[in-house]
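User: I would like to learn how to read the features of a model like this one. Please start with pockets.

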Amino acid sequence: MPPPRSGHPESPGEPHAGRSAGGTRADAAIETAASRLIELSHSIHAEPELAFEEHRSVAKTIEPLAERGFEVRTGVAELPTAFRASYGSGELTVALCAEYDALPGLGHACGHNIIAAASVGAALGLAELADELGLTVVVLGTPAEESGGGKVLMLDRGVFDDVAMAMMVHPGPRDIAGAHSLALADIEVVFHGVEAHASAAPELGRNAGDAVTVAQVAIGLLRQHIRPGQQLHGIVGDGGVAPNIVPGRAELLYYLRAVDSASLEELMRRASDCFEAGALATGCTHEIRTLAPTYTELTPDPALLCAYREQIADLGRVPIAPEFEAQRPLGSTDMGNVTNVIPGIHPVIGIDADGAVTHQPGFAAASVNASADRAVVDGAVALARTAIAIARDDVQRDRLLQRLVQRQEDFR
């Protein structure tokens, strides 16, 4: 089968004949802000910041929102680089999630600069209709998606409590409306041995580095027997300090992934046996630490997803067919945790990366090319139109509000 293509509209600024007047107004607001949104994307890209250190990115992201009259609160959820910007006072709260953290050594090789700019653009478009549609439009600045689980912390600390639907778009090599992700556990395994002189008295040592080796071999053998969709990958974070010292401490950093949370729990049990085997074989002790909140798999809301499919197709893009979406999960995201609690979507919007995929240097370079700039605007328009379509559908609007009330009652 030939690879699905990501289409791009030939005249993105021209209103489609089938658009509602409200949709056209939102589109117009986004197109008016397009140069500012692209500038925001490029500026975040030029100064990459790691998890929980995204101070410049936060300041850049909130600036156009504050100018439009959004009420901005920074440092929400006790996180210095998280923010909430809100506009309007309607009963239906729409949240646009903005990510802006980068990768160590690779910068914005996941294109979070595009995510932040598209969410800001969608919010600016929806602000034009907030009163008419009974909306509260919220942009949530969500730090540390790559490592740290900012959305999970914000979810647990009540930032999403009044949100009826949550949305964002993530760049990738192709358009995927119903994107799938894997549940993720981010762990550190520390082995403790006994230091000794590696030549004069090796018999007195207990080699934590050898424990790492045995554990890695056991993990490698386990891979043949894990279930489809389960993954293990890691690095040695610490293997000792000098060749003539038996390592008394060694460390593994691992990601465990699976198609859903139940499968992840099973994988964790089996991997833990491998780590224990390394300690047992070498006379060491070990401990397993969770470094970040566990990510759950994406569960996109069917109605939101259907609305988004219609809007992205109206822009001339061609997402891959739904039956092929699950074949290439896009890694893991803390947006999965949000969609397991709140109706939400996390589609992928395609950019031309010349064969590169996320987390490669080529994708970082592509995240500010012409197709990436088009993705900022298209993503903003598609998200805004999706929210408008749902807000104007009485059945869907009532469903979201009823679900919000039920969720709030469940947590009282």
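User: Which residues lie nearest the centre of the largest pocket, and how many residues line it?

Analyst: First the idea. On a 1 Å grid over the protein atoms alone, a pocket is an open set of points where a 1.4 Å probe fits, with protein on both sides within 12 Å along at least five of seven lines. Lining residues have an atom within 4 Å of a point. Here 48 residues line the largest pocket, and Arg257, Leu330, Gly331, Thr358 and His359 lie nearest its centre. Strand 6 (170-172), strand 7, strand 8 and strand 9 each give two or more residues to that lining. Strands (E, at least two residues) and helices (H or I, at least four) are DSSP runs numbered from the N terminus. The largest pocket holds about 1400 Å³ of space.

User: What should I know about the model before going on?

Analyst: It is predicted: local features need pLDDT of at least 70, side-chain atom pairs count only at pLDDT 80 or more, and totals for chains, interfaces and linings use all residues. Residues are numbered from 1 along each chain as its sequence is written, and side-chain values use heavy atoms, leaving out hydrogens and water.

User: In what order do the four strands of the open sheet run?

Analyst: Strands of a sheet pair through backbone hydrogen bonds, either parallel or antiparallel. Two strands count as paired if DSSP finds at least two bridges between them. The order here is 8-9-7-10, with antiparallel pairing. Strand 8 (231-238) and strand 10 (285-290) are the edges, each pairing on one side only. Strand 8 meets strand 9 (residues 249-258) over seven antiparallel bridges. Within that pair, glycine 234 faces tyrosine 254 of strand 9.

User: Which helix lies across strand 7, strand 8 and strand 9?

Analyst: Helix 7 (residues 208-222) does, at about 20° to strand 9. Such angles run from 0 to 180 degrees between N-to-C directions, with axes fitted to C-alpha atoms, for helices over the stretch in contact (heavy atoms within 4.5 Å).

User: What is the strand order in the six-strand sheet?

Analyst: That open sheet reads 1-2-4-3-5-11, with mixed pairing. Strand 1 (71-74) and strand 11 (344-345) have a single partner strand each, so one side of each lacks a neighbour in the sheet. Helix 4 (residues 112-127) packs on this sheet and touches strand 2, strand 3 and strand 4. Strand 2 (residues 83-87) pairs with strand 4 over five antiparallel bridges, and arginine 84 stands opposite leucine 140. Strand 3 (residues 92-98) runs parallel to strand 4, joined by seven bridges. There, alanine 95 has valine 138 as its bridge partner.

User: How many residues of strand 4 are buried?

Analyst: In a regular strand the side chains alternate between the two faces of the sheet. Buried means under 20% relative accessible area, exposed over 50%, partly exposed in between (1.4 Å probe, protein chains only). In strand 4 (residues 135-141), seven of seven residues are buried. Leu135, Val137, Val139 and Gly141 point one way, while Thr136, Val138 and Leu140 point the other.

User: How many disulfides does the structure hold?

Analyst: A disulfide is a covalent bond between the sulfur atoms of two cysteines. The cut-off is a pair of cysteine sulfur atoms within 2.5 Å. The structure has zero. For cysteine 110, the nearest cysteine sulfur is that of cysteine 97, 15 Å away.

User: Is cysteine 110 buried or exposed?

Analyst: Cysteine 110 is buried, because its relative accessibility is 9%. Cysteine 306, at 43%, is partly exposed.

Key: Points joined across faces, edges and corners; volume = space filled by probe spheres on them.
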